[in-house]
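Hi everyone, thanks for making time. Could you bring the model up on the screen, so that we can walk through it together?

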Amino acid sequence: FFTLTGRRGGAVMKKKTSAAVIIAAISTSFLPVASQAATYTLDEIIVEGDRNHEITQQLPGGYENKSGSIGILGKKDTMETPFQQNNISQKSISTFASNPSEQSTSVLVNVPSVRTAGNTLYNDFSIRGQNANAYQFRINGIPGLLTQTNIPMNMIESVDVISGPGIGVTGVQAKESAGGVINLITKRAGAKDIMDYTTFFSGRSTWGNMIDISRRFADNAWGIRINTAYINGDTAIRDEKETQKNFSINIDHQTDRSFTNIFLGYRDTHTERAERYYDFSSKALTRIPPAPDSSNNYAFKGQHLGMKTWMAIFNHVQKLDDTFKVFVNAGYAYNNGYDYRVDASSRVNIINDAGDFTRSMVNEPFAIRNKYIQIGANKIFNIGAVKNDLVVSFDKDWYEARWGASPASKGTVTGNLYTGQVGYDFITEEGKRARYSGDSQFYGWTIADTLSYRKWDVTIGAHKHTARVYSASSKIKTVTDAVSPLFAIVYKPSRNWSVFGSHSESFDQGTIVGNAYANKGDILDPAKTKSNELGIKYTNGNIVTQLSYFDTKQDSKLESESNGNTYLRMNGETRYRGIQLSLSGKVAPKWTLSGGFMYLDSEYKKNSTPYYNGKSVIGTPDWSAVLTVEYTPNKVWDIWGRMIYTGSAPVYNHERTFHIDSSTIFDLGIRYRSHLGTKPVDYNLTVFNLFNKNYWMPRATYAYGILSNPRAFCFSATVHF
């Protein structure tokens, strides 16, 4: 049911009207039941909004927001975007990031196109089969501010996820995933003052304390939001320890003509004995070894990695008149990887069916510096009956990396999955200073015009991108460029339905051909990813459902033989086709559903090894699904459960095909709202991996298995002062 409220002659009028019944099953949730709604003529409609810039309304049930940021196209309602868009809310973040061992990935996996491949050390995942990690995150629209390591989420208000290539609306990025765009929105001061204190316990001995303070002042023109956290202790994995310290401040200023936001953040994340990546490419293997006890620790003593990040973000929008505005977005980050003593490439090699493993060990301090700026303008004008929303922007990203120890240090680790015994012989000399590895500059122009006529919205755009990359090891600088077109259309036959189609593209930097090939020194064109998508969306005001078919082709490097010589050229191709269903909202007054599924048909179309052609992409499951069900019996209790399904994924081993088994995992949580004296308190108890299942997680495009995390209990209490 929903309530229609109007005002007639100063009196408030309310009328309850029955809504369409939705979702007999997930697979048919996009089909409405026909109904006739009464028509009302209202003399006056009063809408109350929050003056704070970009405050977002949540969908009923609260797990997703109604709208999200779409790069230079601004903020749009989910029903108006020409692709699958999931806007993860603060409720989802506070619910699923309660385990500090896997904060961002546990939140992102609620999007059907996202599958996790992460652990306490790294927040890795995939979007529509394309690899991604925190390098690909944007924060308030700024790319390249984070690294692969575990990312805290206590300063984040929401996460906007676009499935599919998004460079045509987001601009350049040094580290980009063609699978989609993930934009983290920092917490900003709202109309209501906040002073919250949260204490929580998780794993074996992890205690955490967080403070969140928000104030507006100067007639609400200025706002300040401060977040800080300290987390320390053993995770649910034996002898694995994590320490997190972070502090952030967000300052915003808004007038009738402008909005300015400044975010300053610092975090220090340190993990000890965190190892969950296993390589299954050894020729001695005849199968994928069964997953061992996931509560065991397979890292060597003295293994650790720390990451300190300093970042600053500036966003400004200035309205010159009611139809014309300009904007500036800029950011800077310095990531310092310290105390870096791990297995090489943070994985070990499984060398036989008995589960024995070995790997070299390294100490490699590293540092990454990233700078970004974007300037642009937005003009709204009419040509006859057609409204034009034109955006033009220029942006540039500077990326510099220092990687590899000087002097280098190495050792060897050995062990067994099933006995849990680990041995090592680490050389005492350790790297003291990271070496300069190279730098890059990415810059380009973007233009996009959305033409609106009656029930139609058509977006036409293009992005011109140039990459200048210098490698210190080869002392070669490459300069490559490409153009990415964007075409999208949305048709809204009624306020409940929208039909969309889009073509988008993405690409990376050019590649220098190595010495092993006859065309050594050649610079290959950037590998392009081209995606087409058709879909339909439905809402009845209580739930939003999205269903789409997508077809993505990605260039890849291909070896070829000519006159007895081997050449490397950009002639390969990998194809991803699939269906994605997303839904979120209330299906009854006390019941909320959020989640969906994705079917992904991945295929090697051209490969230098004929064995792979026609086969699914390594590490990529066909089916994946997630569903959260919440029951709210009254105003003080919520009971929710989440199911995560990951289908079987192929692993290729010397022209043999193995499979990582499918897995179905359940999480369970309870929320209780009460008071401590006169102060409201929210209590949360969550159990991740409820049945303590041991399983391997696949990693797209790799012959890896990531060992699951064991069952973890997380309890928190938030006091609202």
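Let's start at arginine 402, which is partly exposed, with a relative accessible area of 35%. For that word, the cut-offs are these: buried means under 20% relative accessible area, exposed means over 50%, and partly exposed is in between, with a 1.4 Å probe and protein chains only. Glutamate 400 also falls in the partly exposed class, at 26%. The side chains of arginine 402 and glutamate 400 meet in a salt bridge, 3.7 Å from N to O. A salt bridge here is a side-chain nitrogen of Lys or Arg within 4 Å of a carboxyl oxygen of Asp or Glu. Side chains of opposite charge can pair when their charged atoms come close.

Before I go on, a word on what you're looking at. This is a predicted model, where local features need pLDDT of at least 70 and side-chain atom pairs count only at pLDDT 80 or more, while totals for chains, interfaces and linings use all residues. Residues are numbered from 1 along each chain as its sequence is written, and side-chain values use heavy atoms, with hydrogens and water left out.

pLDDT is the predictor's confidence in each residue, from 0 to 100. The protein's mean pLDDT is 88, and 91% of its residues reach 70 or more. Over residues 1-54, though, the pLDDT is below 50, and beyond near neighbours in sequence this stretch has 82 contacts in the model. Contact means heavy atoms within 4.5 Å.

Back to salt bridges: how many does the structure hold? There are 20 of them. One of these joins arginine 347 to aspartate 279, with the closest N and O atoms 3.0 Å apart. This pair links distant parts of the chain, 68 residues apart: arginine 347 is in the loop between strands E20 (324-343) and E21 (348-350), while aspartate 279 is in strand E18. Those names come from DSSP runs, numbered from the N terminus: helices are H or I with at least four residues, strands are E with at least two. Are arginine 347 and aspartate 279 buried or exposed? Both are buried.

Another salt bridge runs between aspartate 638 and arginine 671, at 3.3 Å for the closest N and O atoms. Aspartate 638 belongs to strand E38 and arginine 671 to strand E41, 33 residues apart. Again, both residues are buried. They also belong to a network of salt bridges that links Lys91, Glu630, Asp638, Arg671 and Arg673.

Strands E38 and E41 come up again with the rings. Tryptophan 637, in E38, and tyrosine 672, in E41, are 35 residues apart. Their ring centres are 4.5 Å apart and their planes are at 35°, so the pair is tilted. The rule is that rings of Phe, Tyr and Trp (its six-membered ring) pair if their centres lie within 6.5 Å; planes under 30 degrees apart are stacked, over 60 edge-to-face, and the rest tilted. Tryptophan 637 is partly exposed at 35%, and tyrosine 672 is partly exposed at 30%. The structure holds 29 aromatic pairs. Ring pairs also link Tyr278, Phe280, Tyr298, Phe357 and Trp696 into a cluster.

Now the inside. A nonpolar core is a set of buried Ala, Val, Leu, Ile, Met, Phe, Trp, Tyr and Cys residues joined through side-chain atoms within 4.5 Å. The largest one has 58 residues, and those with the most contacts inside it are Leu108, Phe137, Val159 and Ile182. Strand E19 gives the largest share of this core, four residues. Leucine 108 touches several residues, including Ile88, Phe125 and Phe137, leaving aside residues up to four places away in sequence. Valine 111 sits in the loop between helix H2 and strand E6, and valine 111 is buried, at 1%.

Last stop, a sheet. It is an open sheet of five strands, ordered E5-E11-E12-E9-E10, with mixed pairing. Why does one side of E5 and of E10 have no neighbour in the sheet? Strands E5 and E10 stand at the edges with a single partner strand each, so one side of each is left without a neighbour there. Two strands pair if DSSP finds at least two bridges between them. E9 and E10 run antiparallel, joined by two bridges, and arginine 138 has proline 143 in E10 as its bridge partner.
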